[in-house]
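How many disulfides does the cut-off rule give here?

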Amino acid sequence: MDNMQGNVMNTAGVNPQVNMMNTAGGNPQVNMMNGPVNNMALKPARTEMEDVTPVEKAYSRMGFALAIWTVLFMGTVIGLTLLLGKVFPELSKNNIYTLLKGTLPIYLFIPVILLVAKGLPKTIKPEGNIKKSFYLSIIPMCYTFMIAGNMIGLVLQTIVKMITGGETRNTTVNLVLSSNPVIIITLVVVIGPFFEEFVFRKILLDKLSGYNEMIAILMSGLLFGLFHMNFYQLFYAMAIGILFAVVYTKTGKIVYNWILHMIFNFMGGMIPALLSSKMEISQFQRFLIEMSTTTDSAKSAELLQEFFSNPIYLCYMGLSFFNMGMAVLGLVLLVINFRKFIIPSSGPAIPKGKRLTSTLLTVGMIVYIILLLGLTVFEMMMGTK
């Protein structure tokens, strides 16, 4: 792109006399043709950064900030588990306590990120507007990535089962299903989305997008996916994180992200979880298998009567069709709006050969990613029985 702009500038300035004549209006037809070219020539070509040290320091420092934050809140969770587990062993059976213990420390230690990353320059994001149609299209796109990510999670679950010989459980979902719905909705739908968007969109993008916005957007999605420390959520959380990062980059308003995040957590997470709490998923799966394999007409009629007389079955089937429909719609909208997710970066460009080493492969980022991957494996092993 840099070479193309340079060629355009050279072409526009081959003959100064011709340019002067055209400017004076000597040939209106030539003016009409050369006008856009001259306008392009006025745009300064992006130059490559000669020294990427500031970029490396910024990404490494942000990585260390996130790593320290993670160590502090995970240390607090482990400390509370060990200390209070001995003094008040009955607390370990209390789902509300378990949920609060696992979430509140995450939010309480967020100021540590701001403190460690304080020296990094902030990119001032002008508050812009986003088309309602594009904004609303993000919701079905989230369903597309959610279903695709769940499929990958099922494959991983099968692989883990084959290697370990045990079943894997999503401990987060199990905790949600067995806790008070009001508390769950407050934490998962309202509080959690706000602080997650504040960390992985506002803080991260404000501090890093000044060097290269697209790289910062991709990093936001990657780190957001790893933050879940769960292979079942990793892949779609990563993709959704990129979508949300684009929204924040375009608007500069975190409230837009918060609203999107709340809608997705409620529709894509809470409703299925609350519905699942009313029945055994395995029971519903066995029912579907039996209904699709039976050849006895009398048995089929009995199963159909059971299906239509069970409101939970009807709701779950309706939700499944809704999710699939939203996923297909999201895929179509993603193809149509793909170009809108390409954010042109301003300022000096990071050399192509140094984009990875000066961002993702800095010391601080490597430490943070290894930490999260370790915790993800630990979470997976804890959920295997």
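The disulfide count is zero, where a disulfide means a pair of cysteine sulfur atoms within 2.5 Å. Cys142 is buried, at 2% relative accessible area. Cys315 is partly exposed, at 44%. Buried means under 20% relative accessible area, exposed over 50%, and partly exposed in between, with a 1.4 Å probe and protein chains only.

This is a predicted model, in which local features need pLDDT of at least 70, side-chain atom pairs count only at pLDDT 80 or more, and totals for chains, interfaces and linings use all residues. Residues are numbered from 1 along each chain as its sequence is written, and side-chain values use heavy atoms, without hydrogens and water.

The protein has 16 helices and zero strands. These are DSSP runs, numbered from the N terminus: helices are H or I with at least four residues, strands E with at least two. Of the 385 residues, 39% are buried. Contact means heavy atoms within 4.5 Å. Among contacts between residues at least 6 apart in sequence, 83% join residues at least 24 apart.

Now the interior. A nonpolar core is a set of buried Ala, Val, Leu, Ile, Met, Phe, Trp, Tyr and Cys residues joined through side-chain atoms within 4.5 Å. The largest one has 65 residues, and Met62, Leu66, Trp69, Ile138, Leu223 and Tyr368 have the most contacts inside it. Helix α11 (residues 231–251) supplies its largest share, ten residues. A second, separate core has five residues, including Leu99, Ile184, Leu187 and Val189.

Take Trp69. Beyond its neighbours within four places in sequence, Trp69 contacts Ile106, Phe109, Ile110, Ile113, Val199, Phe200, Phe227 and Tyr368.
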